[in-house]
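Colleague: Thanks for making time for this one. Could you take me through the structure, one question after another?

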Amino acid sequence: CSTLRLLLGDQLDRHHPWFESADDNVLYVLAELRQEATYVRHHIQKIAAFFAAMHCFAEALKSCGHRVVLLDLDETADFDDLPALLDHLLEVTGADRFEYQRPDEHRLLTQLEAYRGRIDQPSSCCRSHHFLLPFDAIRDSFPADRQLRMETFYRRMRKRHGILVDDDGTPTGGQWNYDKQNRKPLPEDVELPEPLCFDNDAGALTDRIRRHGIDTLGTMEGDRLDWPVCRTQSLELLEYFTEHLLAGFGRYQDALSSRGWALFHSRLSFALNAKILSPREVIERVLDAWRGDPDNVPLAAVEGFVRQILGWREYMRGIYWSRMPGYADCNELDHRNELPAFYWNGETRMACMRHAIGQSLEHAYAHHIQRLMVTGNFALLAGVDPDAVDTWYLGIYIDAVQWVELPNTRGMSQYADGGVVASKPYAASGNYINRMGDHCADCHYDAGTRSGDTACPFNCLYWHFMERHREWQKQNPRSGMIYRNWDRMDEQRRSAILDTAERYLKAIDEL
Ligand code: FAD
Ligand code: SF4
């Protein structure tokens, strides 16, 4: 062949211009790589899903006449890393040109740029065409010296793409935001649809992963992979979402419940992040569902969903690329504690944490509010080092790729960026979790108590956090009222709460 084109595990986009026509002079390469399976300890389902999706993609390309080679872990084991494998491939194929799509992770971008710089063959890097905001527009949209809030960015994106915007430039339905109608707890009598799971046999893959001694976390029951790994399954999941879940999405998007592990969430993040689905087609499908049946698919639900993909997803990518590489090290609150051991096994008496961590280990999935207001909130209140928090989030979730994991974890949930993403820390007491869910009723701890042996840890740790950061929080006008209430409290009660928090922090693994 004369051109070797590399495809990474999150570049599985059938509609990329590369694949418009087959060319015998081009060889596509995909590879199961040890470096990708070990840069952090990943959930077994995450590695299996990316590898399985690569295999499906290779087959799909071959069936369209493209020349493709997929190397498995056995075949790549002798190469230390991606550059070593590429050296070998360029030599054995005799390719006189190397091409790749721009990686979305800084780690891989720098590795491939360095590689390009040292090889003799001419090379080029092209766009991935996946996102709605082209990479070249990030610099202007996210100026380093100004803070761009998600809401501002999202409205601009709605106008830029004419999504839910009327001809006169006003938002469809009259509002940009339907948060008031959305975000309700889940009533007991609302029936939850079963999550659509696929029955992919990942036995051969997991054997290989284990045989190569790759350290993983989490479980996969019977080597069956629930996640969609090809385009057909991903489109099926999208259809399932629009038909059964979309109508309830907005209203219950912030609900917490022990009755299910995905509630009305789409579980499309893996298919999106691997680029099997494009954000544009997901948005279009949801808009079509609403246009076709506006009586049953509320605009508030559609707007709430579009906001996640056109707003949050694109926004997080903009933050990542406008702030990297420094963003990966920020620790504004100077948090240094270790991640409690129960994050790795779910063994805690806190019912909300047990549920969120347990399902993360079992399904490689937790929905947004579990990530933000349960596990993320707890790590923030407990002063855990954001490096440790990142390592956990980057490993455990099926959809965890750094460009989206990092701004969500370090920025949104840990406030380690000092307010780039969130205007104030997402710190909350047990009251929030109690209001939004049903976990507290079955918990060892008491959501209504702030001190003593059965005090909800979120309660006392919340006040401990607020006290620890009093000086710094004072700058935030929205915190004034909270401190006024706290300061009015009887001195003895305040010390009892802070003492309980101290005790909990000292024996945190036992909570
Ligand atoms: P739904 O609730 O159905 O939402 C639809 C889609 O919107 C998602 O598939 C996703 O593509 C997008 N979306 C929603 N919220 C966000 C957000 N805050 N940022 C970016 N996209 C969003 N998302 C990831 O894709 N990868 C991650 O590694 C990741 N890590 C996170 C870590 C923390 C601490 C937090 C608080 C959030 C994280 N998120 C991450 C965002 C969000 O929680 C997941 O995208 C979502 O839970 C995926 O489930 P879903 O597909 O059912 O989403
Ligand atoms: Fe979680 Fe506290 Fe409620 Fe228990 S009481 S479920 S720890 S919020």
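Predicted model: local features only at pLDDT ≥ 70, side-chain atom pairs only at ≥ 80, totals over all residues.

Colleague: Leaving aside its neighbours within four places in sequence, which residues is Tyr426 in contact with?

Modeller: Tyr426 sits in the loop that links helix 17 and helix 18 (430–436). Its C-alpha is 9.6 Å from that of Leu381, a residue 45 places away in sequence. Once neighbours within four places are set aside, the contacts of Tyr426 are Leu372, Met373, Gly376, Asn377, Met412 and Ser413.

Colleague: And is Tyr426 exposed or partly exposed?

Modeller: A residue with 20 or more other C-beta atoms within 10 Å is buried, and one with 12 or fewer is exposed. Tyr426 has 16 such neighbours inside 10 Å, so it counts as partly exposed.

Colleague: How do Asp223 and Asp334 come out, exposed or partly exposed?

Modeller: Asp223 belongs to the loop between helix 8 (203–211) and strand 7 (224–225), while Asp334 belongs to the loop between helix 12 and helix 13. Phi is near 55° for Asp223, a positive value in a residue other than glycine, and Asp334 also has phi near 55°. Asp223 has 15 other C-beta atoms within 10 Å and is therefore partly exposed. Asp334 has 12 C-beta neighbours inside 10 Å, so the word for it is exposed.

Colleague: Which peptide bond is cis, with omega near 5°?

Modeller: Look at the loop between helix 12 and helix 13 (342–345), where Pro325 has its place. The cis bond, with omega near 5°, runs from Met324 to Pro325.

Colleague: Let's turn to the ligand. Which helix gives the most to the shell around ligand 1?

Modeller: The shell holds 27 residues, and His265, Ser266, Ser269, Gln308 and Glu405 are the closest. At least two residues each come from helix 10 (269–273), helix 12 (299–323), helix 15 (368–381) and helix 17 (402–413). By class, the shell has eleven nonpolar, eleven polar and five charged residues. With six residues, the top contributor is helix 17.

Colleague: Which domains does ligand 1 lie between?

Modeller: The domain assignment gives domain 1 (3–126), domain 2 (135–201 + 226–321) and domain 3 (342–510). Two of these give residues to the shell around ligand 1, so the ligand lies between domain 2 and domain 3.

Colleague: How many residues of domain 1 are in contact with domain 2?

Modeller: The C-alpha centres of domain 1 and domain 2 are 30 Å apart. On the domain 1 side, the touching residues divide into seven nonpolar, four polar and four charged. On the domain 2 side there are twelve residues, and the count for domain 1 is 15.

Conventions. Residues numbered from 1 in each chain as written. Chains lettered and ligands numbered in written order. Near = placed C-beta within 6 Å. Helix = DSSP H or I, 4+ residues; strand = E, 2+ residues; numbered from the N terminus. Nonpolar A, V, L, I, M, F, W, Y, C, P; charged D, E, K, R; others polar. Domains from an automatic or database assignment. Contact = placed C-beta atoms within 7 Å.
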